[in-house]
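These are my notebook entries on a structure that I examined for the first time. I recorded what I looked up, entry by entry.

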Amino acid sequence: MNETVVPDSEHRGLVARLPQMPRDLAQLARFDRPIGWWLLFWPCAWGVWLTGAGWQLALLAWLLLGAIAMRGAGCVYNDIVDADLDRKVARTAVRPVASGRISKKLAWGWLFVLCAIGLLVLLQLRPLAQGVALASVALVAAYPFMKRITWWPQAWLGMVFTWGLLVGWTQLRADHWDALAAMYAGAALWVIGYDTIYAVQDREDDALVGIRSSALRLGGHVQGGVALFYTGAVALWALAFWLYRADWVALLALLPAAAHLAWQVATLDGTDGANPLNRFRANRWTGALVAAACFVVGNA
């Protein structure tokens, strides 16, 4: 079973109960690793709740479905493009396409199914938000190639993985662009920080096969680099809140998220194999804390 479950799977038991083909398709879309859904979804919630439109639970449910489907589609596309590289990295060599358990033809078909679900979600949005969502397609398509041409593919991921913030916002309002821009820039720095932590796991293999990453670029300064990215994220989020509501008390809503990010940096240990993965996964709580802050600032 260890050969058919990716090493960082969060739900080995659930995945292991599936028949072989559904199990491989689930792994291909990373359904066994829900952390990706949350990291894609939380910026959507930030955009919705900061608008001051209340809970908007139906909209959030659609955006969560979209996050699950499109994160899965992105992973399938990434694995199709990166199959040859994945075979050379210990953590990714057993992925379904890289290992040959799923053909590229079947992977493309699965990608189409996931995109069809994404299209269903897109049709629930108003035209402005639809246009914003569709504008992300080029960024998503280019992402797998960034690790081949830049040491900072995490910066590109920062633009891609936080796009839901713009979608959630434009679904409900079309003003305060300065606050939205600051919030988006901060979110991108947050992604660079947590994905640098994630990339620490693969530094040795990435160096051997020629994959570039911020973790390799930072070398022995990963902890300081992540601290800088996280500090910039919190500062930009504070700026966004101030531009939206010039009230010093509103900035206090960010303190729990800031403390959580500080804990990640203070306890990060790149020599412990499990530590970076655990700190990376902890960002689901960061996302929730920032979402709570957005709700308070937008709706209080």
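This is a predicted model: local features need pLDDT of at least 70, side-chain atom pairs count only at pLDDT 80 or more; totals for chains, interfaces and linings use all residues.

Residues are numbered from 1 along each chain as its sequence is written, and side-chain values use heavy atoms, with hydrogens and water left out.

**Entry 1: Pro-96**

I looked up Pro-96 and found 0% relative accessibility, so this residue counts as buried. Pro-96 lies in helix α6; helices are DSSP runs of H or I with at least four residues, strands are runs of E with at least two, and both are numbered from the N terminus. I then asked which residues Pro-96 touches, not counting those up to four places away in sequence. They are Asp-24, Gln-27, Leu-28, Arg-101 and Ile-102, where contact means heavy atoms within 4.5 Å. For Asp-24 I also noted the C-alpha separation from Pro-96, which is 5.8 Å, although the two are 72 residues apart along the chain.

I next turned to backbone angles. Most residues other than glycine have a negative phi. Arg-30 is not a glycine, yet I found a positive phi of about 60° there. Arg-30 is in the loop between α2 (20-28) and α3 (35-50). Is Arg-30 buried or exposed? Its relative accessibility is 4%, so Arg-30 counts as buried.

I then looked for salt bridges, taken as a side-chain nitrogen of Lys or Arg within 4 Å of a carboxyl oxygen of Asp or Glu. Side chains of opposite charge can pair when their charged atoms come close. The structure holds four salt bridges. In one of them the side chains of Asp-79 and Arg-30 meet, at 2.8 Å from N to O. This pair links distant parts of the chain, with Asp-79 in helix α4 and Arg-30 in the loop between α2 and α3, 49 residues apart. I found both Asp-79 and Arg-30 buried.

Arg-95 is buried, as is Asp-79. Through shared partners, salt bridges join Arg-30, Asp-79 and Arg-95 into one network.

I recorded a further salt bridge between the side chains of Arg-173 and Asp-175, at 2.6 Å from N to O. Asp-175 has 30% relative accessibility and therefore counts as partly exposed.

Helices α3 and α4 pack at about 145°, with their axes 9 Å apart; axes are lines fitted to C-alpha atoms, for helices over the stretch in contact, and angles run from 0 to 180 degrees between N-to-C directions. Among the residues making the contact are Trp-37, Trp-38 and Phe-41 of α3 and Leu-60, Leu-64 and Arg-71 of α4. I noted that the contact residues divide into 14 nonpolar, one polar and one charged. Here Ala, Val, Leu, Ile, Met, Phe, Trp, Tyr, Cys and Pro count as nonpolar, Asp, Glu, Lys and Arg as charged, and the others, Gly among them, as polar.

**Entry 2: Leu-277 and His-260**

Leu-277 is in helix α18 and, at 13% relative accessibility, counts as buried. His-260 lies in helix α17 (residues 255-267) and is buried, with a relative accessible area of 17%. Not counting residues up to four places away in sequence, His-260 touches Ala-282, Trp-285, Thr-286 and Leu-289.

Key: Buried means under 20% relative accessible area, exposed over 50%, partly exposed in between (1.4 Å probe, protein chains only).
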